[in-house]
Amino acid sequence: MVILFTSKPSIIACGVAAGPLEQRSVFYSYFDSVAEDERWGQKSNEQGHSKMIQEACDIVMEKAKIKNLDVDFFLSGDLVNQMTPTNFAARELAISFIGLFSACATSVSSVIVASLLTELGASQYAIAGAASQHNAIERQFRYPINYGFQKPATAQWTVTAAGYALIGKHDPNLPSIVAGTVGKVVDYGEVNPLHMGGAMAPAAYDTITSHLKKRHQKITDYDLIMTGDLGKIGLKILKAMFAQSGEKQEDLEIFRDAGGEFYGEDEKFQAGASGAGCSASVFFSYIEQQLKTGRFKRVLLVATGALLSPLSYQQGETIPCTAHAIEITME
Amino acid sequence: MLFFNFLIAFMVGGIICVIGQLLMDVGKLTPGHTLVTLVVAGSILDGLGLYDPLIDFAGAGATIPITSFGNALTHGAMAEAEKHGWVGVLTGMFEVTSSGISAAIVFGFLAALIFKPKGKVD
Amino acid sequence: MDPQEYQQLEQQITPPTPYVKNVLKAFLVGGLICTIGQAIMYLYIIFFDFTDKTAGNATTATMVFIAAVLTGLGIYRKLGAFAGAGSAVPVTGFSNAVVSAAIEGRTEGMVLGVGGNIFKLAGSVILFGVGSAFFVALIKLILVTAGVVKW
């Protein structure tokens with residue numbers, strides 16, 4: 001479903017907080033704060049996760065020179081069971097809160113909801129975004145952190161990062177959200193939880209083609225189409241899908257993937273980064289700043305999410321995936 | 001002679017690990033399924049009376065891999081069954097194997113007191 | 001594109017499993033761990049008056065201890081990422097599974113966290129080892145009773 005935002009809500013300010021390992025990210029210089037301690041001085045990884053979300057939101061409000069009382073909505077999610085890190089951060093922030101779960105696609109689904117609320121006139125300011133903390137997510141979805149197992153080349157590394165954007169009324173000097181696509185849940189039968197890129201690529205393809213069709217656009221109408229965390233291999237698969245559908249090889253350069261680029265060419269991270277904080281931290285730092293400087297005029301941001309749980313995987317279910325997209329322009 | 005024993009331990013231990021690796025890569029088993037398969041294999045081999053000769057031949061090459069865990073459990077159960085019949089099947093089980101499990105439990109407990117999980121890549 | 005076509009495309013692009021490399025790494029590391037075990041066994045026999053039979057248990061406990069420390073320091077994780085089954089199959093891998101689960105549960109308290117999770121990974125190995133031992137011994141007992149085989 002493609003939604004056109006006629007009032008063009010703007011991204012007023014962004015904030016990204018990341019963990020110590022994320023200093024190795026190629027996007028490191030765009031992050032607002034990088035912690036020394038992956039637990040943010042807290043007792044547990046989950047508490048650290050929560051603290052990181054608070055910090056990113058505080059940065060957002062500080063940049064926009066507003067207080068939590070000025071913010072109407074906090075729209076966010078993470079990957080921990082029942083999203084307790086986000087819920088607990090919302091308790092500290094004391095802003096009206098709706099928790100959203102689209103796995104790693106939450107970074108964009110939250111912005112779509114924030115834009116809708118802004119378009120309605122129900123929201124002056126809304127903070128939207130997502131986060132993930134490596135240790136808290138890995139222990140839930142895979143093995144204990146200190147357990148030694150071999151990862152295939154398709155595996156991805158869950159980032160420790162929180163990325164948030166303040167969505168408000170249209171401002172011609174700021175990046176503005178003109179359309180959003182709420183993705184369907186797509187399942188092409190992938191069962192390997194260590195090949196998320198392969199599971200999610202069809203969802204990204206479905207969402208991107210739906211968006212382009214409704215908007216009567218070609219991929220070349222964009223300066224950039226960036227997916228969330230397909231990883232290096234998932235991005236190749238996505239490009240191959242568009243090549244098969246008749247796109248020219250040179251036009252496919254328009255596609256980039258935040259997860260695939262996140263840690264550069266370091267092979268220790270296999271196919272790249274993943275996690276809800278991956279797309280959130282790249283979209284709401286690097287991409288926002290490139291839009292502001294005018295390097296990009298029109299971008300399509302497509303956050304991808306794998307909607308599995310350790311339980312569903314053990315029960316032999318395939319991995320259903322989704323992708324949500326927002327089209328952002330700079331006048 | 002000593003060198004020869006080390007070489008045999010190396011070869012046999014290595015080959016058992018290779019079987020495990022093939023179960024993972026070719027058989028597409030998770031580490032959990034792989035280890036369970038090997039433990040059951042060790043147990044059956046002992047039932048057939050084949051694991052003891054392997055230990056005599058390869059030493060640590062046969063006692064260190066997890067297959068020896070299945071072997072030891074079966075060995076204990078069978079030894080007691082020989083002496084005490086049906087009840088022995090249950091009572092003898094942990095006779096031989098307790099060291100690996102008890103050591104892992106004790107050290108696991110102690111490690112939990114000392115260490116924190118750290119998500120470092122290298 | 002239907003799912004079958006897609007799976008073909010996915011397979012073309014996904015890099016194949018490096019079977020040979022993985023097997024070599026598993027063989028070398030697994031072999032090396034067993035060789036270290038052999039050396040420790042000899043140390044017990046030569047310096048502590050253990051016999052061939054009793055040295056086995058002491059060796060296992062020692063290997064488990066070493067692996068526990070390496071797990072705590074995060075070194076066994078790296079070894080596992082490199083060696084695959086080479087470090088998972090030896091008893092040190094069992095130790096890694098137990099200890100890593102125990103460390104992970106620490107934040108949920110000693111009873112529910114550590115106690116409740118310590119066998120999260122290794123539990124299935126114990127269950128199937130015990131189950132299999134039970135049935136193998138039972139079958140053997142039946143066969144002996146029936147006079148088919150001897151102990």
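**Contacts within and between chains**

Analyst: Domain 1 of chain A and domain 2 of chain A bury about 4,300 Å² between them, and carbon and sulfur atoms give 68% of that area. Buried area here is the accessible area (1.4 Å probe) that two parts lose on being put together, summed over both. In domain 1 of chain A, Phe27(A), Tyr30(A) and Gln156(A) lose the most area to domain 2 of chain A, together 17% of what that side buries. This is a predicted model: local features need pLDDT of at least 70, side-chain atom pairs count only at pLDDT 80 or more, and totals for chains, interfaces and linings use all residues. Residues are numbered from 1 along each chain as its sequence is written, chains are lettered from A and ligands numbered from 1 in the order in which they are written, and side-chain values use heavy atoms, with hydrogens and water left out.

User: What makes these two parts of chain A domains, and where do they lie?

Analyst: The bounds come from an automatic or database domain assignment. For chain A that assignment gives domain 1 (7-168) and domain 2 (176-329). Their C-alpha centres lie 18 Å apart. The contact (heavy atoms within 4.5 Å) takes 51 residues from domain 1 of chain A and 57 residues from domain 2 of chain A.

User: Why is the pair Asp266(A) and Arg24(A) called a salt bridge?

Analyst: The rule asks for a side-chain nitrogen of Lys or Arg within 4 Å of a carboxyl oxygen of Asp or Glu. The closest N and O atoms of Asp266(A) and Arg24(A) are 3.5 Å apart, so the pair qualifies. The count between domain 1 of chain A and domain 2 of chain A is one salt bridge.

User: How many residues do chain C and chain B bring to their contact?

Analyst: Chain C brings 65 residues and chain B 66. The area buried between them is about 5,600 Å², with 79% from carbon and sulfur atoms. In chain C, Phe27(C), Val89(C) and Trp151(C) lose the most area to chain B, together 12% of what that side buries. The count here is zero salt bridges, while nine residue pairs are in polar contact (both at pLDDT 80 or more).

User: What does the contact of chain B and chain A look like by area and by residues?

Analyst: Chain B and chain A bury about 1,100 Å², 48% of it on carbon and sulfur atoms. The contact takes 10 residues from chain B and 16 residues from chain A. The side of chain B that touches chain A has three nonpolar, three polar and four charged residues.

Methods. Ala, Val, Leu, Ile, Met, Phe, Trp, Tyr, Cys and Pro count as nonpolar, Asp, Glu, Lys and Arg as charged, and the others, Gly among them, as polar. A polar contact is a pair of N or O atoms within 3.5 Å; within protein, one must be able to donate a hydrogen and the other to accept it, and residues adjacent in sequence count only if both atoms are side-chain atoms.
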